[in-house]
Amino acid sequence: MSHRRTGRVLDKAVNNMELPFLKKKARKSDHLIAIDLGSRATKAVYLQRRGDGFDLAAYTILDAPGVGERAPSAELLGEHLKQVHQALGASTKQIILAVGVQECLLRHAEMPMIPIPELRTMLKFGSRNYLQEELQNYAFDCHLQAIQAPPNGAEVAKGKVNAAAMKQRVLVGGIKQQRLNDLTEAAKLAGLTLEAVVPGHIGPANALELAENEAFANEVVAIVEVGFKNSCISILNCGELVLNRVVSVGGDKLTNGLAETLSISYEEAEGIKIGMPHEVQSTLETLLLPLGRELRASADFFEHQNEKPVARVLVSGGCACSEFLAQTLQNELMAPCSTWDPTKTFGRSLSAEQMAQFEPNVARLSVAIGAAATAF
């Protein structure tokens with residue numbers, strides 16, 4: 001894959017979704033590390049600003065720290081972050097962390113038209129009122145999507161309608177405060193500067209804005225991010241994230257399903273899934289059926305509400321049989337489905353070794369790329 005110069009002008013894409021549970025004072029970064037903390041693998045990118053675009057200076061994919069379902073301790077994660085930083089060979093210590101869908105939440109809500117700090121307070125003490133769930137000891141952040149003004153705007157201008165009575169559509173992110181504290185401590189132990197912690201859900205959408213700005217701004221696009229334990233379905237309508245669902249189908253379920261069906265080991269099933277997906281096509285199609293149904297249901301719901309179709313589906317994430325997966329989802333949805341490159345508009349300053357391994361791994365970098373977009 002050859003080096004490509006970006007054609008994207010920074011000022012053209014300033015609407016990427018920011019939901020930083022933790023964020024220092026606003027500042028533009030010339031180089032930055034973004035780390036996607038997945039349940040099976042950590043994916044990280046080192047980006048540098050180059051004129052009106054960016055260079056991908058390095059990337060790395062490492063096994064996630066810890067074993068089992070429990071999140072790693074701050075100490076263990078701190079050591080892991082050190083390893084990530086060393087693997088990237090980066091001069092900067094500024095990092096952004098993206099946390100997986102199993103560790104945080106992302107919801108749409110209708111809330112009063114008041115400043116974001118006040119919205120956070122309202123959610124902290126009354127999450128059930130807006131999210132239909134009691135979420136104690138959580139940290140929240142919000143991304144404003146649209147204002148729903150009263151019918152008579154003149155009444156507002158005259159001061160007859162309280163601004164707090166007006167409603168706005170808000171994208172709400174939440175994470176347990178203790179987990180946020182652990183992430184902060186881990187970065188400190190690693191000697192790194194934590195600029196922000198963001199929900200991994202928004203990564204692919206932000207990455208699409210960087211990679212294909214015209215499609216992002218003008219089309220209805222569904223993104224399916226396939227993870228190890230879960231997959232995330234996002235539907236964007238002309239740049240607005242209007243629907244987000246997490247489905248408990250990921251690479252692990254596919255491998256386990258193959259292992260059980262064929263009576264082979266997990267490792268053997270993983271090898272077949274990676275190297276010969278068409279040899280077990282019928283089994284994989286059956287295992288992928290729940291994901292296809294959720295995608296179809298999501299598209300149907302959107303189309304019913306908006307009377308416009310989903311133009312295409314983009315597949316990213318760690319599932320090694322993504323080309324096969326894209327074709328399977330296309331058969332279910334009857335809309336074009338394909339894999340995509342979240343670094344499409346980036347220059348590349350990768351080593352020869354990293355370039356040799358880049359193409360099979362690029363689809364796994366979408367969350368990290370999108371997390372970096374919140375700082376650029």
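Which helices and strands each supply at least two residues of the lining of the largest pocket?

Analyst: The model is predicted. In it, the strands that each supply at least two lining residues of the largest pocket are β3 (41-50), β4 (53-63), β10 (220-226) and β11 (231-237). The helices that do so are α7 (251-262), α8 (266-275), α10 (322-333) and α11 (352-361). Of these contributions, the one from α8 is the most, with 4 residues.

The pocket itself has a volume of about 990 Å³. It is lined by 46 residues, and those closest to its centre are Val226, Gly317, Gly318, Cys319 and Arg364. Sorted by class, the lining consists of 18 nonpolar, 16 polar and 12 charged residues.

Some of the elements named above are also joined by a side-chain contact. Asp252 and Lys229 form a salt bridge, with their closest N and O atoms 3.0 Å apart. Asp252 belongs to helix α7 and Lys229 to the loop between β10 and β11, so this pair ties together parts that are 23 residues apart in sequence. Buried means under 20% relative accessible area. Asp252 has 10% relative accessibility and therefore counts as buried. Lys229, at 36%, counts as partly exposed.

This salt bridge is one of 17 in the structure. Another is formed by Arg245 and Glu294, whose closest N and O atoms are 3.6 Å apart. That pair links distant parts of the chain, since Arg245 is in strand β12 (residues 240-247) and Glu294 is in helix α9 (residues 281-306), 49 residues apart.

Note on methods: Residues are numbered from 1 along each chain as its sequence is written. This is a predicted model: local features need pLDDT of at least 70, side-chain atom pairs count only at pLDDT 80 or more; totals for chains, interfaces and linings use all residues. Side-chain values use heavy atoms; hydrogens and water are left out. On a 1 Å grid over the protein atoms alone, a cavity is a set of points where a 1.4 Å probe fits but cannot get out, and a pocket is an open set with protein on both sides within 12 Å along at least five of seven lines; lining residues have an atom within 4 Å of a point. Grid points are joined across faces, edges and corners, and a volume is the space filled by probe spheres set on the points. Ala, Val, Leu, Ile, Met, Phe, Trp, Tyr, Cys and Pro count as nonpolar, Asp, Glu, Lys and Arg as charged, and the others, Gly among them, as polar. A salt bridge is a side-chain nitrogen of Lys or Arg within 4 Å of a carboxyl oxygen of Asp or Glu. Buried means under 20% relative accessible area, exposed over 50%, partly exposed in between (1.4 Å probe, protein chains only).
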